[in-house]
Amino acid sequence: MPKQFLSPRNDLIFKLLFGDERSKEILTDFLKSVLLIPHEDYDTITILDPHLLPDYKDGKLGIIDVKLQTKSGKIINIEIQVEHIPQMRERVIFYDAKMVTEQIGASENYEKIKKVISIIITNHEFIEKSPKYHHRFTLYDAENQVEFTDTIEIHTLELPKIPGDSDGTPLWDWMKFLDAKNEEDLDMAAVANTQVSNAVIRLKELSADERTRMLYESRIKMERDIYSITKGKEDAAEKRGIQQGLQQGMERGMLQGKMERDYAIARNALKMNIPIADIVKLTNLTPEEIESLRTERQ
């Protein structure tokens, strides 16, 4: 294994670990550690297109890391966020609303709506008022302790809050895997859980693969470039006294940056003659968008 393993917190590596058809056993075990849904619901898992299409011209396009559907039709979104994003709560609600409304057409009955679940993993404290690393949110009347519906369910997992000693749950094993800083951390996480052990093996394979490392390093460079550009704009805007306007455009800019980063990765992958089907897994681009890049090179 290379001296520096590829971090599972990187969204590219996270997608290769959990969003690949060949890794469904790893994905299923992780989901079981987080969610309280019938185990038979995992008998059929379909990995879906991560794009949430806008409902109207110039509407927002959403991109999530891993999107899937269970046997009974539940839609699950898994997203990992290393850096703090302004208005993260609003973004999660927006994505969940999109996943609900895209299930039905204008003439279809509301009964068709299936449960939508978001799992948000952060490398920073997200729920500041609680020391717990796992929270489950639904539409709930706190005063009368009555749940309105669990059709929308949001789970938050915060890596900085993981206790040092195991709490005896499989989720702790998975969180320690995602939080691993070195090979020793990885091997310790693999001890108690067979599927975590399989994830460690898969991560080591990815880390040893030269093409994956090139794409990973390309993505890291793009992230640094985007951060530098964004930070420079923030500083300039503050000096000019237009911070409010910048804040309103921040989310749109971050989404645009993510798209530009994916295009850069796709171009590099095409140069390495990686098949389009594999590039789709590495990015949030569609086969048609990637094919257009191939035409652009000719």
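**Entry 1: a cut-off before I start**

I call a residue buried when its relative accessible area is under 20%, and exposed when that area is over 50%. I am working on a predicted model.

**Entry 2: lysine 161**

I looked up lysine 161 first. Is lysine 161 buried or exposed? Its relative accessibility is 11%, so I count lysine 161 as buried. I found lysine 161 in the loop between strand 8 and helix 4. Strand 8 covers 146-158.

Next I asked what the side chain of lysine 161 reaches. I found the backbone oxygen of isoleucine 127 at 2.6 Å. I also noted a polar contact of 3.1 Å between the side chains of lysine 161 and glutamate 158.

Then I listed what else touches this residue. I set aside the neighbours within four places in sequence. Lysine 161 is then in contact with Glu125, Ile127, Ser130, Pro131, Lys132 and Tyr133.

**Entry 3: glutamine 145**

I moved to the loop between strand 7 and strand 8, where glutamine 145 sits. Strand 7 covers 134-141. I checked the backbone here. Most residues other than glycine have a negative phi. Glutamine 145 is not a glycine, yet I read a positive phi of about 55°.

Is glutamine 145 buried or exposed? At 62% relative accessibility, I count glutamine 145 as exposed.

**Entry 4: helix 1 and helix 4**

I turned to a helix pair. Helix 1 spans residues 11-18, and helix 4 spans residues 170-178. How do their axes cross? I noted that the axes come within 13 Å and cross at roughly 135°. The two helices are therefore oblique to each other.

I looked up who makes the contact. Helix 1 brings Phe14, Leu17 and Phe18. Helix 4 brings Trp174, Phe177 and Leu178. I sorted the residues of this contact by type: six nonpolar, no polar and no charged.

**Entry 5: the whole protein**

I stepped back for the totals. How many helices and strands are there? I counted 10 helices and eight strands. The protein has 298 residues, and buried residues make up 45% of them.

I also checked the surface. The protein exposes about 16,200 Å². Carbon and sulfur atoms supply 52% of that area.

Last, I looked at how far apart in sequence the contacts are.

Definitions and conventions
Residues numbered from 1 in each chain as written. Predicted model: local features only at pLDDT ≥ 70, side-chain atom pairs only at ≥ 80, totals over all residues. Heavy atoms only, no water. Helix = DSSP H or I, 4+ residues; strand = E, 2+ residues; numbered from the N terminus. Buried < 20%, exposed > 50% of the residue type's maximum accessible area, 1.4 Å probe, protein only. Areas by Shrake-Rupley, 256 points an atom, 1.4 Å probe, with all protein chains shown as cover. Axes fitted to C-alpha atoms, helices over the stretch in contact; angles between N-to-C directions. Parallel < 35°, antiparallel > 145°, perpendicular 65-115°, else oblique. Contact = heavy atoms within 4.5 Å. Nonpolar A, V, L, I, M, F, W, Y, C, P; charged D, E, K, R; others polar. Polar contact = N/O pair within 3.5 Å; in protein donor to acceptor, adjacent residues only side chain to side chain.
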